[in-house]
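Hi everyone, thanks for coming.

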Amino acid sequence: MEIFLDLKSMSIYRIEMLSYGLSKIIEWWHNIMAEEVKLFKTWSSPFGLRIVWALELKGILYESIDEDLTNKSPLLLQYNPVYKKIPVLVHNGRPIVESLRILEYIDETWKQNPLLPEDPHKRATARFWAKFGDDKAMSSLWPILTKQGKEREEALVQATENLKFLEEELKGKRFFGGEEIGFVDIALGWLANLVLVVEEILGFKVIDKAGFPFLSEWMLEFSSVPAIKENLPLHDKMVARFRTYLAAALDK
């Protein structure tokens, strides 16, 4: 990138301010380049994908390490000896585990493009909905795939009830975070990915425009953001992976 400046037409003050601004940009870039950031994940995990999205939205350079969970690497076991799971973020040699905790760490460490709001109540509310997404919404989708008959119908009712809470929370907003993608959007981003996979396997819609107009629009809006879209797993590959998971689960 070339920048042309007419220094003759600029005051000494303006030149000094420009020089100061450029020096700050260079300092910021050097700080980023000096940091070591590694992410241990798998290509299909929605929990690892959260961290990818957050790092991309923040413009953080990082090394991505895809794990084989059937043969976990010594480094993964070293960095997460308690749970032995992905994702693990390693920042300058120090590991952080559990995806929602990692998101908070990223937001507190790199201030650009903040994910959590400054207001304490809004921050607490965002954490609530992120946890709700994991504990209620996500966990209620799997039984729809694994159950049959009346049990599947009951599971679908439960999942629909949970999704209605999210629909209500999203009402009148572009994103859960407002006009920009925030903490809750990233935490719930799996909806824009996995729900389409589940729907293809089931052969019917779980989130439709008639019942969930705000969630439906949000899914399209969220997945069209470049940092999100460019890092989504291939749909057909995800469908194949889910069919494998489902076959193994039903064989038990």
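This is a predicted model: local features need pLDDT of at least 70, side-chain atom pairs count only at pLDDT 80 or more; totals for chains, interfaces and linings use all residues.

Residues are numbered from 1 along each chain as its sequence is written, and side-chain values use heavy atoms, with hydrogens and water left out.

Let's go inside first. In soluble globular proteins, nonpolar side chains tend to be buried together. By a nonpolar core I mean a set of buried Ala, Val, Leu, Ile, Met, Phe, Trp, Tyr and Cys residues joined through side-chain atoms within 4.5 Å. Buried means under 20% relative accessible area, exposed means over 50%, and partly exposed is in between, with a 1.4 Å probe and protein chains only. Helices (H or I, at least four residues) and strands (E, at least two) are DSSP runs, numbered from the N terminus.

So which residues touch the most other members of the largest nonpolar core? They are Leu89, Leu166, Leu191, Ile207, Leu215 and Trp218, out of 64 residues in that core. Helix H5, residues 120–146, gives the largest share, nine residues. Apart from this core lies another one, of seven residues, including Phe40 and Tyr79.

Let's zoom in on Leu191. Contact here means heavy atoms within 4.5 Å. Leaving aside neighbours within four places in sequence, Leu191 is in contact with Leu163, Leu166, Ile207, Leu215, Trp218 and Met219.

Leu191 also takes part in a helix crossing. The axes of helix H8 (residues 191–202) and helix H9 (residues 213–224) come within 9 Å and cross at roughly 115°. Axes are lines fitted to C-alpha atoms, for helices over the stretch in contact, and angles run from 0 to 180 degrees between N-to-C directions. Angles under 35 degrees count as roughly parallel, over 145 as roughly antiparallel, 65 to 115 as roughly perpendicular and the rest as oblique. H8 and H9 are therefore roughly perpendicular to each other. On the H8 side the contact is made by Leu191, Ala192, Val195 and Leu196, and on the H9 side by Leu215, Trp218, Met219, Phe222 and Ser223.

Now to the hairpin. Strands E3 and E4 pair in the antiparallel sense over four bridges; pairing needs at least two bridges found by DSSP. Leu89 stands opposite Ile96 in E4. Two residues sit between the strands, and Asn92 takes a positive phi near 50° in this hairpin.

Lys84 is in the loop between H3 and E3, with a positive phi near 60°. In the loop between E4 and helix H4 you'll find Glu98, whose phi is positive too, near 75°.

What does H4 pack against? Its buried residues pack against helix H2 (46–58), strand E3 (88–91), strand E4 (94–97), H5 and helix H7 (183–187). Among those buried residues of H4 (residues 99–109) are Leu100, Leu103, Glu104 and Asp107.

Last stop, Trp43, in the loop between strand E1 (37–41) and H2. Is Trp43 buried or partly exposed? It counts as partly exposed because its relative accessibility is 24%. Not counting residues up to four places away in sequence, Trp43 touches Asp66, Pro233, Lys237, Met238 and Arg241.
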